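Keep the sequence and the 3D view open while reading.

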Amino acid sequence: MAAPRAFLWDSCVLYRWLDENGTEYVEHIEKFLQEAGAGQVDLYISTITLAEIRPSKMGKTGLTPLQVLDGVSQTFIQVSPSPYIMSLAGYLRDQSFRLVNVPEDQAFPRPLGLGDAIHLATAVALREEIGVQNLVLHSFDEGKTKDGNTGKKNVGILNFERWCRDCSGDEEIQRVISTPRKKPHHPTLPLPRIKSGGTAES
């Protein structure tokens, strides 16, 4: 099977590259950017990233997110949320998400964040509506951090299927589950070192 040549980046991947304190996977991210600039891979990014990455968090660049994207406009293929994407995102957020493989009294619900729902719906749309069949959604989101607005942990992008206890049979949910989702590990580079108490998964 040919290696994937198309990738959709969650906002956290771009943020990792821009963060002056970022270290893990930065070399991998830069490798993908180099290949995209050379036309060897296609990098897609949702325009909601402009709202998710605040200017005050731009770190080493001193630029706004829009200025950064304009500066690398030949690298990214920007995707604006269509009515289909927004409708699907709303549908996904309306589902009940609870952890699988735990006792019923431990299966507490989690919400699916708006931005995450749009990224997931964008990936589905690129694959099924636009025909980018070899697409992989790159993210670091495993649902480990609390949402800045709600103070609660959300359903993660990478482990989405683990929270589909009540909705795994839903057709739209299955479209998301069947969409490849991985950390941005470039196959020519070694995985980052495993931190104490954590893992560096691809």
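Start with Asn101, which counts as exposed at 78% relative accessibility. The model is predicted. Asn101 sits in the loop between β4 (97-98) and β5 (109-110). Its phi is positive, about 60°, although Asn101 is not a glycine. Most residues other than glycine have a negative phi.

Tyr25 also has a positive phi, near 70°, and is likewise a residue other than glycine. Tyr25 belongs to the loop between α1 and α2. Is Tyr25 buried or exposed? Tyr25 is buried, with a relative accessible area of 3%. The table sets out the two residues.

| Residue | Phi | Relative accessibility |
|---|---|---|
| Tyr25 | near 70° | 3%, buried |
| Asn101 | about 60° | 78%, exposed |

**Overall layout**

The protein has 7 helices and 7 strands. Along the sequence they follow the pattern β-α-α-β-α-α-β-α-β-β-α-β-α-β. Of the 202 residues, 46% count as buried. Consider the contacts between residues at least 6 apart in sequence: 72% of them join residues at least 24 apart.

**The sheet**

What is the strand order of the open sheet? Its 5 strands run β3-β2-β1-β6-β7, with parallel pairing. The edge strands are β3 (76-79) and β7 (181-182), and each pairs on one side only. Strands of a sheet pair through backbone hydrogen bonds.

Strand β1 (residues 6-9) runs parallel to strand β2 (residues 42-46), and 4 bridges join them. Trp9 has Ile45 of β2 as its bridge partner. On to the next pairing: β2 and β3 are also parallel, over 4 bridges. Here Ile45 stands opposite Gln78 in β3. How buried is β2? Of its 5 residues, 4 are buried, so β2 is largely enclosed by the rest of the structure.

**Trp9 and the aromatic pairs**

The model holds 4 aromatic pairs. One of them joins Trp9 and Phe76: the ring centres lie 5.5 Å apart and the planes meet at 70°, so the pair is edge-to-face. The cut-off behind that label is a plane angle over 60 degrees. This pair links distant parts of the chain, with Trp9 in strand β1 and Phe76 in strand β3, 67 residues apart. Both Trp9 and Phe76 are buried.

A charged side chain meets another ring. Arg16 lies over the face of Phe140, at 4.0 Å from the ring centre.

Return to the pairing of β1 and β2, which run parallel. Helix α1 (residues 11-18) packs on the sheet and touches β1, β2, β3 and β6 (135-138). The direction of α1 makes about 80° with that of β1. Helix α2 (residues 26-37) packs on the sheet too, touching β1, β2, β3 and β6. For α2, the angle with the direction of β1 is about 125°.

Which residues of α1 are buried? They are Ser11, Val13, Leu14, Trp17 and Leu18. These residues cover an arc of only 165° around the axis, which puts them on the same side of α1. An α-helix has 3.6 residues a turn, so residues three or four places apart point the same way.

Take Leu18, in helix α1. Leu18 counts as buried at 3% relative accessibility. The C-alpha atoms of Leu18 and Ile53 are separated by 9.8 Å, and the two residues are 35 apart along the chain.

**Helix α5**

In helix α5 (residues 83-93), the buried residues include Ile85, Leu88, Ala89 and Leu92. They cover an arc of only 105° around the axis, which puts them on the same side of α5. What covers these buried residues? The cover includes β3, β4, α6 (114-128) and α7 (171-177). The face of α5 turned away from its buried side carries the exposed residues Pro83 and Ser87.

Key: Residues are numbered from 1 along each chain as its sequence is written. Side-chain values use heavy atoms; hydrogens and water are left out. Two strands pair if DSSP finds at least two bridges between them. Helices (H or I, at least four residues) and strands (E, at least two) are DSSP runs, numbered from the N terminus. Contact means heavy atoms within 4.5 Å. Axes are lines fitted to C-alpha atoms, for helices over the stretch in contact, and angles run from 0 to 180 degrees between N-to-C directions. Rings of Phe, Tyr and Trp (its six-membered ring) pair if their centres lie within 6.5 Å; planes under 30 degrees apart count as stacked, over 60 as edge-to-face and the rest as tilted. Buried means under 20% relative accessible area, exposed over 50%, partly exposed in between (1.4 Å probe, protein chains only). A charge sits over a ring if NZ of Lys or CZ of Arg is within 6 Å of the ring centre and within 35 degrees of the ring normal. The arc is that of the directions from the helix axis to the C-beta atoms.
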